[in-house]
Amino acid sequence: MLVILNPQSNAGTALQRWQPVEHALRDRHPGMTVELPGDADQAVKLVRAHLEATDNGRGTTDDTALEVIVAAGGDGMVNLVLNAIMDPDTDRPRRGAERIALGAIGLGSSNDFHKPLRPAATIADVAVRVDAARAETVDVGKATMVLPDGTRAVRYFLLNASMGLVAAGNDSFNHATGALAWLKSRNVEAAIIATALRNIATHRPLRLEVRGTDWAHTAPITNIGVLKSVHFAGGMYYDTPVTRTDGRFDVNIWAAAGRLRILGLIAGLYRGAFASSPLAICHRDTTVELRPERPAPLELDGEITLVESARLEVLPRVLKVCAA
C-alpha cells in the first residue's frame with residue numbers, strides 16, 4: 001500500500017489527524033509506504049513510479065491481490081491521484097494500474113468522496129476507504145476543456161463538475177484569506193456557509209449554452225452541476241438518482257433567480273431537496289457540452305480551471321475504487 005499524503009489539507013491540520021490513522025493502518029498493513037510530496041508534480045511522479053514498478057512485477061507477490069494507492073487529504077488529493085493514474089491516450093488507467101485500486105483517507109475539509117459515510121468506516125473520526133478486497137469498478141468523468149489561450153486540456157473526475165455559483169464558491173474557499181481563512185481552520189462548515197453567503201451577495205447569473213445528446217438549454221443560470229455523486233460542498237446533496245456505476249450523469253441546473261430564492265434553494269440542498277424546487281432543471285445524459293458566454297471557472301472535484309468551453313463525458317466502469 002502506497003499512501004500519498006497532503007499535510008496541508010484542511011488548513012494544515014491533516015498531519016495531526018493522520019497520526020492515529022497511520023498507527024492503526026500499520027497494524028493491518030505492515031508494508032505500507034507513506035510519501036509526503038512537496039507539490040502536485042512530485043505527487044504525480046510518485047504515483048506513476050509506483051505504477052511502473054507494479055507493471056514491472058515489483059509490487060505485490062500475490063497475483064490475485066490488488067495494490068492500493070491511497071490519496072490522504074481532501075477531494076482535491078483524490079482528484080490528483082486519479083489524474084496521475086488515468087491515461088488520456090486511452091481513457092483508461094495507465095499500464096501497471098490493472099492491479100491497482102484507488103483508496104482514500106479523508107483528511108480534507110469536505111471529503112465528499114467518502115459520502116455517505118458509515119461510522120464504522122472511520123479511524124479516530126477520519127473517513128477511511130482502503131478495502132481492496134471489496135473494491136468496486138466505478139465510472140469516471142472526463143472533461144475535455146478549451147482554455148482561454150485556445151489550448152486543450154483533459155482532466156478526469158470522480159464526483160462532479162460545476163460551473164456558476166458553486167464553482168465560484170469553491171474557488172473562494174480554496175483561496176480563503178483573512179477572517180475566512182481563520183474560520184476555515186476552526187469550523188469548516190461555518191466557513192463554507194460564510195463563503196456561500198459572500199458569493200451570493202456578489203453573484204451575477206452566467207449565460208450558458210448547455211448541450212446534451214438530444215436536448216439543449218441556453219439561458220442565464222445560477223449554477224450547473226454535472227454529477228457522478230450527489231454530495232458536494234460539504235453538507236449539501238442532491239436528491240437525483242445518479243450512482244457511481246450507472247454510466248450516466250445527472251445534470252442539475254439552477255435557474256437564474258434573486259438572492260432570496262437562491263438562499264432558499266441552498267437551504268433545501270442541506271436537506272437533500274432539489275428536484276422539486278421551481279428553480280431546478282434536471283436531465284440525465286452520458287455527454288454534456290458547456291459553452292459560457294465568457295471564460296468561466298469549471299470546478300472538477302473541487303479543483304478550478306478557467307475555460308472557454310468544456311465537453312464532459314462518462315467513461316463507464318473504468319477504475320477500481322476501494323470500499324470503506
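Reader: Which residues of helix α2 are buried?

Author: In this predicted model, local features need pLDDT of at least 70 and side-chain atom pairs count only at pLDDT 80 or more, while totals for chains, interfaces and linings use all residues. Residues are numbered from 1 along each chain as its sequence is written, and side-chain values use heavy atoms, without hydrogens or water. A residue is buried under 20% relative accessible area, exposed over 50% and partly exposed in between (1.4 Å probe, protein chains only). Helices (H or I, at least four residues) and strands (E, at least two) are DSSP runs, numbered from the N terminus. In α2, the buried residues are Ala-14, Trp-18, Val-21, Glu-22 and Leu-25.

Reader: What covers the buried residues of α2?

Author: Contact means heavy atoms within 4.5 Å. The cover of these α2 residues includes the strands β1 (2-5), β2 (33-35), β6 (100-106), β7 (122-123) and β8 (126-129), together with helix α1 (9-12).

Reader: How many Å should α2 span, and where is its kink centred?

Author: The expected span is 1.5 Å times one less than the number of residues. Helix α2 has 15 residues (14-28) and should therefore span 21 Å; its end C-alpha atoms lie 21 Å apart, in agreement. A bend is the angle between axes fitted to the seven residues ending at a position and the seven starting there. In α2 there is a kink of about 30 degrees, centred on Pro-20.

Reader: Why is helix α4 described as largely enclosed?

Author: Helix α4 (residues 75-85) is largely enclosed by the rest of the structure because ten of its eleven residues are buried. Asp-75 and Asn-79 are among the buried residues, as are Asn-83, Met-77, Val-78 and Leu-80.

Reader: Which peptide bond is cis, and where is Pro-116 found?

Author: Most peptide bonds are trans, and most residues other than glycine have a negative phi. Here a cis peptide bond joins Lys-115 to Pro-116, with omega about 0 degrees. Pro-116 belongs to the loop between β6 and β7. Both Lys-115 and Pro-116 are in contact with His-231.

Reader: Is His-231 buried or exposed?

Author: His-231 counts as buried, because its relative accessibility is 15%. Its place is in strand β14 (residues 231-232). Leaving aside neighbours within four places in sequence, the other contacts of His-231 include Asp-112, Asn-160, Met-236 and Tyr-237.

Reader: Where do Ala-124 and Asp-125 lie, and what is the phi of each?

Author: Ala-124 lies in the loop between β7 and β8, and Asp-125 lies in the loop between β7 and β8 as well. Neither is a glycine, yet phi is positive: about 50 degrees at Ala-124 and about 65 degrees at Asp-125. Ala-124 is partly exposed, with a relative accessible area of 49%, whereas Asp-125 is exposed, at 71%.

Reader: How many cavities of 30 Å³ or more does a search of the whole structure find?

Author: A cavity is a set of points on a 1 Å grid over the protein atoms alone where a 1.4 Å probe fits but cannot get out; lining residues have an atom within 4 Å of a point. Points are joined across faces, edges and corners, and the volume is the space filled by probe spheres set on them. The search finds two such cavities. The largest has a volume of about 50 Å³, and its lining includes Arg-129, Asp-139, Lys-228 and Arg-244. Asn-160, Phe-232, Tyr-238 and Glu-299 are among the residues that line the second largest cavity.

Key. On a 1 Å grid over the protein atoms alone, a cavity is a set of points where a 1.4 Å probe fits but cannot get out, and a pocket is an open set with protein on both sides within 12 Å along at least five of seven lines; lining residues have an atom within 4 Å of a point.
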